[in-house]
Amino acid sequence: MSRIVSVWLPRWPIKRFLMAQAISPAGKPIDPERPFVLAIPATGGLRIAAMNETAEDAGIVAGDPVADARAKADNLQVRAADSTADDAALHRLALWATRYTPTASPWIEENGADGFFLDIEGAAHLFGGEENLLADLAGRLDRFGLPARLAIADTTGMAWALSHFDAAAQSILPAGREAAALSAMPIEALRLSGETRALLRRLGFKSVGALLDKPRAPFAARFSDELLRRLDQALGRCEEPLIPVTAPPVYHSLNYLLEPIVNQQAILARACRLMQHLTHVLVRDAVGARALRLSLYGVDGAVETIDIGLTSPTRSVPHIARLIDLRLETLAAMHDGGFGFEAIGLAVTRVESMPERQTELNIDRHPEVQAQRASKDDDSNGILRGPRSARAPQDDDSEKGAALIDAMRQRLGPDRVRQFEIVPRHIPECAETLTEINGETPQYPRLARSNPPLSGEDRWSIEEKPRPLLLLPQAKPTEVTALIPEGPPRRFRWHGVTYDITGAQGPERIADEWWRAPYPSRAGAPTRDYYLVEDGEGHRFWLYREGLYGRETATPRWFVHGLFA
């Protein structure tokens, strides 16, 4: 059974506005001791959306026209409400609250948009119980200038009702006491719409207890499903899933610090320790991390998050440490550490299967080998000689390539690292495309000669053909001298330099892809005859002749399309 914390922040828009004004004053400052309201456009003019205590004492209520409010309170201060800024600030506050539990959910409009929920199932014992957790949360919010009303219950609806209508500012409801606690509360505790509340009061229902003993069928016929749904949610008869402020982690580790830290190396050391703790769980479940999130909780309530995507699953602490270090350098250049960070969390948000595999052949670790080495000299059996360990090479290239890509993505940005993907096309410039890696492991092609002999269509699909290391984006025209129009080139001039060809391989004929309509460059492209040529200094070029002599053209043209190493 879940245990839900409801955190209600009374007068949240007013508090948020005053906090923003204190950080960056703009315009005429607001005096919090005088009547102050936030207004929104509505039919008939501006209407009150929120007010401070002084304005409420003057008789101003939400929904009043601003003109009427001015008549009730002298020197009324009016500013425009900014719901977008309120929601963004509430989102940041809920993100800060993940220091207590990974599941924090800011309230939406139907809940009041002035608080958030926490699912503390399995987390309360870390603070010495639910009472200590509430006390710590309330104390920190109060230091931020946000007095809050807190409640804990088994259901979201019951916790919300307690935080709004219980006499105590902090209340904890034991499991199974929902009906008794809810019956004494007004119908507003069910989070019903204004129309439903008005109709219930017109029918004489003022408290929730008056609804509990009545048959459900008349309510279902008279009201929308909202009434019974809210009642069932509060009593735990139906689920009310929370929408977390961040994706729930698969594994999570959090470290509360005795003293705030700012130094990058200190942060990195704490993050490495958290990763070491997570590694044991990853090994146990035979999985590796594919995405991680490092959360730095500031003393001032700010939260810095660092999301790290990995090209392949890993449990390597040094590799993760290097990636975090690269991101911390960028973070230090962009933001000031402020008063420091009082808690650090590391979450694995995505995993992938990573079965155990042998990476070394270290024969010296075998007990029998160690005993023989201790008792024998160089006359030992020959099997004991030679290198003491051998690295399994089959996956080294993939691991090193993935580590390099991870490092470049952290330093340059995840969208700036791309890879070439093979496209089944005959035209060379169309046979590959540049795509984002998107966290997927790149595929390193194997040479055809490393595969067993094939026949038929399979042999054609993997036939190895010479391709240049550098393929020019657009083929460059060149002047070529050949003994005969359809023969290989003997000399060509390119970029003002004449090259005498000492060897040529080809032609490799590539015709137009007539089955594709239209061809990307132009319809009915001439046939190409490609040659790999080498000059006297060892430079290699990829040239092609465009057009078949006597059939497609009377004067074939030559182009340089690529350069070999």
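This is a predicted model: local features need pLDDT of at least 70, side-chain atom pairs count only at pLDDT 80 or more; totals for chains, interfaces and linings use all residues.
I started with a charged pair: Arg16 forms a salt bridge with Asp86, and their closest N and O atoms are 2.8 Å apart. (For a salt bridge I take a side-chain nitrogen of Lys or Arg within 4 Å of a carboxyl oxygen of Asp or Glu.) The pair ties together distant parts of the chain, with Arg16 in helix H1 (residues 12–23) and Asp86 in helix H4 (residues 83–96), 70 residues apart. Helices here are DSSP runs of H or I with at least four residues, strands are runs of E with at least two, and both are numbered from the N terminus. Arg16 and Asp86 are both buried. Buried means under 20% relative accessible area, exposed over 50%, and partly exposed in between, with a 1.4 Å probe and protein chains only.

Residues are numbered from 1 along each chain as its sequence is written, and side-chain values use heavy atoms, with hydrogens and water left out.

I searched the whole structure and got 26 salt bridges. Next I looked up Arg140, which pairs with Glu342 at 3.0 Å between the closest N and O atoms. Arg140 sits in helix H5 (residues 130–143) and Glu342 in strand S12 (residues 341–353), 202 residues apart. Arg140 counts as buried because its relative accessible area is 16%; Glu342 is buried too, at 13%.

Then I checked Asp529, whose salt bridge to Arg509 has its closest N and O atoms 2.8 Å apart.

**Helix H6**

How many residues of H6 (residues 156–165) are buried? I get nine of its ten, so the helix is mostly covered. Among the buried ones are Met158, Trp160, Leu162 and His164. Their cover includes strands S1 (4–8), S6 (115–119), S7 (149–153) and S8 (170–172), plus helices H7 (178–183) and H11 (225–235).

At the start of H6, a side-chain oxygen of Thr155 comes within 3.1 Å of the backbone nitrogen of Met158. Asp154 lies in the loop between S7 and H6, and I count Asp154 as buried because its relative accessibility is 9%. The side chains of Asp154 and Arg3 make a polar contact of 2.6 Å. (A polar contact is a pair of N or O atoms within 3.5 Å; within protein, one must be able to donate a hydrogen and the other to accept it, and residues adjacent in sequence count only if both atoms are side-chain atoms.)

The largest cavity has a volume of about 120 Å³. Its lining has 13 residues, with Thr98, His252, Arg293, Ser295 and Tyr297 nearest the centre. Strand S10 (287–298) and S12 are the elements that give two or more residues to that lining.

For the chain overall, I noted 16 helices and 20 strands. Of its 565 residues, 41% count as buried.

Conventions:
Contact means heavy atoms within 4.5 Å. On a 1 Å grid over the protein atoms alone, a cavity is a set of points where a 1.4 Å probe fits but cannot get out, and a pocket is an open set with protein on both sides within 12 Å along at least five of seven lines; lining residues have an atom within 4 Å of a point. Grid points are joined across faces, edges and corners, and a volume is the space filled by probe spheres set on the points.
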